[in-house]
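Hello,

Here is the structure I promised to pass on to you.

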Amino acid sequence: MFEDIRYLKLSPFDWQEFILNTANEKTPYIAHSCFRFLRASFNYALKYKIISENPFENVEDITLPKVKHNHFELAAELKCKICTQRTF
């Protein structure tokens, strides 16, 4: 996608569009990983004065879907299976 485009010419809007497209075409988790990697890479370049500003300063991360954890229900289900397998 970015073969002939120099990253310094890409605006925060372009990067935001890339993150949103990645979330839509792949998954929000992949987009989140890309966001974290790219932001860290630009922060590294900024730290060592390779670039003068981080274009990811104004790019928003993807909101990941909430994952429902039912630890209590799973534990209760396992206990019931163990109890029903026992012969008293």
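I began with Glu60, which sits in the loop that links helix 2 to helix 3 (71-85). Please keep in mind throughout that this is a predicted model. Glu60 has a relative accessibility of 58%, so it counts as exposed. Not counting residues up to four places away in sequence, Glu60 touches Gln16 and Phe35. Phe13 is 47 residues from Glu60 along the chain, and the C-alpha atoms of these two are separated by 10.0 Å.

Gln16, one of the residues that Glu60 touches, belongs to helix 1. Is Gln16 buried or exposed? Its relative accessibility is 17%, and because the cut-off for buried is under 20%, Gln16 counts as buried. Apart from neighbours within four places in sequence, the contacts of Gln16 are Asn58, Val59 and Glu60. Gln16 and Phe35 are 19 residues apart along the chain, with 9.1 Å between their C-alpha atoms.

Val59 is worth a stop as well. Setting aside neighbours within four places in sequence, Val59 is in contact with Pro12, Trp15, Gln16, Ile19 and Phe35.

Helix 1 covers residues 12-25 and helix 2 covers residues 28-47; they pack at an angle of about 150°, and their axes are 7 Å apart. Since angles over 145 degrees count as roughly antiparallel, helix 1 and helix 2 are therefore roughly antiparallel to each other. On the helix 1 side, the contact is made by Trp15, Phe18, Ile19, Thr22 and Ala23. Helix 2 brings Pro28, Ile30, Ala31, Cys34, Phe35, Leu38 and Phe42 to the contact. By type, the residues of this contact are 11 nonpolar and 1 polar, with no charged ones.

Pro28 is one of the contact residues, and it is found in helix 2. With a relative accessibility of 25%, Pro28 counts as partly exposed. Beyond residues up to four places away in sequence, Pro28 touches Ala23, Ile62, Leu64 and Pro65. Pro28 and Asp61 are 33 residues apart in sequence, and their C-alpha atoms are 9.7 Å apart in space.

One backbone detail may interest you. Most residues other than glycine have a negative phi. Lys49, however, has a positive phi, near 60°, and is not a glycine. Where does Lys49 lie? Lys49 is in the loop between helix 2 and helix 3. At 72% relative accessibility, Lys49 counts as exposed.

Finally, some figures for the chain as a whole. It has 3 helices and 0 strands, and from the N terminus on its elements run α-α-α. Of its 88 residues, 22% count as buried. The chain exposes about 7,700 Å², with carbon and sulfur atoms supplying 57% of that area. Among the contacts with a separation of 6 or more, 53% come from residues 24 or more positions apart.

Best wishes, and happy browsing!

Definitions and conventions. Residues numbered from 1 in each chain as written. Predicted model: local features only at pLDDT ≥ 70, side-chain atom pairs only at ≥ 80, totals over all residues. Heavy atoms only, no water. Axes fitted to C-alpha atoms, helices over the stretch in contact; angles between N-to-C directions. Helix = DSSP H or I, 4+ residues; strand = E, 2+ residues; numbered from the N terminus. Parallel < 35°, antiparallel > 145°, perpendicular 65-115°, else oblique. Contact = heavy atoms within 4.5 Å. Nonpolar A, V, L, I, M, F, W, Y, C, P; charged D, E, K, R; others polar. Buried < 20%, exposed > 50% of the residue type's maximum accessible area, 1.4 Å probe, protein only. Areas by Shrake-Rupley, 256 points an atom, 1.4 Å probe, with all protein chains shown as cover.
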